[in-house]
Amino acid sequence: MDEAGYGPNLGPLVIAATAWQIPRVLETEALYEALAEVVCCHASHAGDERLAIADSKQLYKPGGSLAALERSVLAALAWLARLPTAWRELWPQIDSQHGDAWHALAWHQGYDEAVPIHVPAGELARLAPMLAQGCRQRGVQLIDLQAAVLVPRQFNELVERCGNKAEVLSLTTLALARRMIERLPSPEPVQVVCDRHGGRARYAALLQHVFPESLVAVRQETAELGVYELRCDGRPAEFRFLVKGERMLPTALASMTAKYLRELAMRPFNAFWKGHVPGLRATAGYPSDAHRFRAEIQAMQRKLNIADRDLWRDR
């Protein structure tokens, strides 16, 4: 599990999770080595047919091509037989809580575009079977890929309820983890690997809140790693919160998915405002630029009667 968009004032917070089934003899840390024939943990170079699965910050730079993210995320969705062909088709497939708050946004009204955006569809048709076959040869299976997408109004309401955005991030992440575990097809033990949430070092109370029917046991709490055990849906579950969790392949794909979804969400946002404010420069929504963007659209925002709560994240 990982997130994208925790810091911005504009656009959604996206938390993504991938679920894998792996042989008991194979450690999560060894997945890159086991799957080295089909995946790599860095940007692939010319002639390297493998899929790059790594921390999204290594594969995408603001304003650049989405190709590296899109190639792996959509190959994974194709493996799951959920490859979208359009922007509007993607969201309900990947966010089970997708609903009214999303559709109510002015910049989503009538917007659509073909997906994939930067990768030829024929390339995905070749890559998805390659990934699936390479994984299956090592007894590895991708089971699911899901996300929780909080638009500004939802984010603001949760911050008011929880008191701070760190709590929102952690509780939304753990609620998504619970939904993912409950969707799993077999009752085998689960390990949940999360990139650490900012400076938070202790998660027992949050886990107990999301899994009230189970006693949460603390196995380790250090500056680098937190390990907790509980039961969910009749199975033992171990939660691991670690610094630089994206070094694990499942977490890296979650990182890429979260970033890809956030970038897709910013496309109609920027298109909408650029259509109403001539000469407006697009924004990624981060504080260094968000205040400039907000000031430049303010008059049009008032004219269109768009509420601040639907546009601006307060924390």
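**Aromatic rings and their contacts**

The charged end of lysine 165 lies over the ring of tyrosine 6, at 4.4 Å from its centre; a charge counts as sitting over a ring if NZ of Lys or CZ of Arg is within 6 Å of the ring centre and within 35 degrees of the ring normal. This is a predicted model, in which local features need pLDDT of at least 70 and side-chain atom pairs count only at pLDDT 80 or more, while totals for chains, interfaces and linings use all residues. Residues are numbered from 1 along each chain as its sequence is written, and side-chain values use heavy atoms, with hydrogens and water left out.

**Charge over a ring**
- The charged end of arginine 294 sits over the ring of tryptophan 312, 4.3 Å from its centre.

**Aromatic pairs**
- The structure holds 15 aromatic pairs (rings of Phe, Tyr and Trp, the last by its six-membered ring, with centres within 6.5 Å; planes under 30 degrees apart count as stacked, over 60 as edge-to-face and the rest as tilted).
- The pair of tryptophan 87 and tryptophan 102 is stacked, because the ring centres are 5.8 Å apart and the planes are at 25°.
- Tryptophan 107 and tryptophan 273 form a tilted pair, with 6.1 Å from centre to centre and 45° between the planes.
- Trp107 and Trp273 also belong to one aromatic cluster with Phe269, Phe272 and Phe293.

**Burial**
- Tryptophan 87 and tryptophan 102 are both buried (under 20% relative accessible area; exposed is over 50% and partly exposed in between, with a 1.4 Å probe and protein chains only).
- Tryptophan 107 counts as buried because its relative accessibility is 6%.
- Tryptophan 273 counts as buried at 0% relative accessibility.
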